[in-house]
Amino acid sequence: MSAAIIWSDHFMDYKWAYTHPMSPVRLALTMSLARSFGVLDDVDTAEPLPVDDAVLTTVHSQGYVDAVRAVSHGAASMNAPVLERLFGLGSADNPIFEGMHEAGSMLVGGSLAAAQAIASGAVRRAVNIGGGMHHAMKGHAAGFCIYNDCAIAIEWLLENGYDRIAYVDVDAHHGDGVQAQFIGDPRVLTVSLHQHPATLWPGTGWATEVGEGDAAGSAVNVGLMPGLADNLWLRAFHAIVPSMIDDFKPQILVTQIGVDSHRDDPLTDLALTVDGHAAAIRALRGLADKYCEGRWLAVGGGGYGVVNVVPRSWTHLIAAALDRDIDPATPIGADWLAGAQDLSASVHPDYRRPPEATMGDGGVTDFVPWDGDSGAEPPPGVSEAVQRQTDKAIIATRRAVFPLHGLDPEDPRD
């Protein structure tokens, strides 16, 4: 097989609360949708690896791991305000639930299995849709994330023969936990395209965050204004990401494929479609093929259109990894739609929307390549003001980080 698809039914145990936006229904629906299209025909999914404290503490503090384990089974000695203040546990974003240590560890085990499958040479690509918990910090939970599987997988790769790893994060929220882990490590390039930090939590990911010390230039951040649609998002992506990957020349590409950038996501304000997600996924696959001999590790992440968006976008991800691309115009079968409608009853009404009938939304993914800070005419359907905003974000990032790589921020050839 060219790709390993990591899956366990225990991924469904990562369930915060009925009222919480991150419902594991999105994972079950993704796998069933992929199967309904035959994407997983003759594919044996791989199990997550077991994870112990030695693995978790490559990124997290022992005290934090102990606290998560304790609250998972009702054994914490601290009161609730102290737990929240010290460890981020028990907040509205990260409510305590039974078995949360085991559930969080299972997602880490999925990304670790993906990393090891690629490093062993068994496959070139691996996907863990249960992963992508990019906000978890060394000593506290954050943004629905208990343990940072992305950072742990990268640390494992660094310990096992890789010394040039590129991490690209397309979640609507800044990949702050991964950036924090590697902000001073020149072996890891972190690139995050996200909604502008002035308009969305966690408020980080400014263009001026470029890495520290010897790692200056290793952090790349593109903050995009609310309302940005597919063609301008892709313009920004292609104006920055390929140049950074080409200059860094990574051995492996690790990508966080959060899909909360969708226009219907209840928590964010970007305006991508599933078509745009599919285009981004295929562009990332192309970069891995061009620069990393095909080595591509992809994890999930955000996405709170748990019935109407995530299953379609992540089915495109699984299909891309297996070279079984699906045309976004393809209709979805009636049986799956009926089952998804029934399963949506388990989702809180705030996040429950009916499933869509095709694998795309009719998004416009043709984009005008960035050609320098020249005030180029926008494409049809895009206002001059919106394109100007996008180009300001592009040039801000290029001016902040490109010179640190010996590249000319004003020259679109760089």
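Trainee: So how are helix 3 and helix 5 oriented to each other?

Mentor: Helix 3 and helix 5 are oblique to each other. Helix 3 covers residues 62-72, helix 5 covers residues 100-119, and they pack at an angle of about 125° with their axes 7 Å apart. Angles under 35 degrees count as roughly parallel, over 145 as roughly antiparallel, 65 to 115 as roughly perpendicular and the rest as oblique.

Trainee: And what am I looking at here, before we go on?

Mentor: This is a predicted model, where local features need pLDDT of at least 70, side-chain atom pairs count only at pLDDT 80 or more, and totals for chains, interfaces and linings use all residues. Residues are numbered from 1 along each chain as its sequence is written, and side-chain values use heavy atoms, with hydrogens and water left out.

Trainee: Which residues make the contact of helix 3 and helix 5?

Mentor: Val-65, Val-68, Arg-69, Val-71 and Ser-72 come from helix 3, while helix 5 brings Met-100, His-101 and Glu-102. Contact means heavy atoms within 4.5 Å.

Trainee: OK, what about helix 5 and helix 6, at what angle do they cross?

Mentor: Roughly 30°, with the axes of helix 5 and helix 6 (residues 149-159) coming within 9 Å. Helix 5 and helix 6 are therefore roughly parallel to each other.

Trainee: Who's touching whom there?

Mentor: On helix 5 you'll find Leu-107, Val-108, Ser-111, Leu-112, Ala-115, Gln-116 and Ala-119, and on helix 6 Asp-149, Ile-152, Ala-153, Trp-156 and Leu-157. By class, that contact of helix 5 with helix 6 has nine nonpolar, two polar and one charged. Ala, Val, Leu, Ile, Met, Phe, Trp, Tyr, Cys and Pro count as nonpolar, Asp, Glu, Lys and Arg as charged, and the others, Gly among them, as polar.

Trainee: Changing topic: how many disulfides are there in the whole structure?

Mentor: A search of the whole structure finds zero disulfides. To count, a pair of cysteine sulfur atoms must be within 2.5 Å.

Trainee: What about Cys-292?

Mentor: Cys-292 is buried too, at a relative accessible area of 1%. Its sulfur is 17 Å from the closest cysteine sulfur, in Cys-150, so that's too far for a bond.

How values were computed: Buried means under 20% relative accessible area, exposed over 50%, partly exposed in between (1.4 Å probe, protein chains only). Axes are lines fitted to C-alpha atoms, for helices over the stretch in contact, and angles run from 0 to 180 degrees between N-to-C directions. Helices (H or I, at least four residues) and strands (E, at least two) are DSSP runs, numbered from the N terminus.
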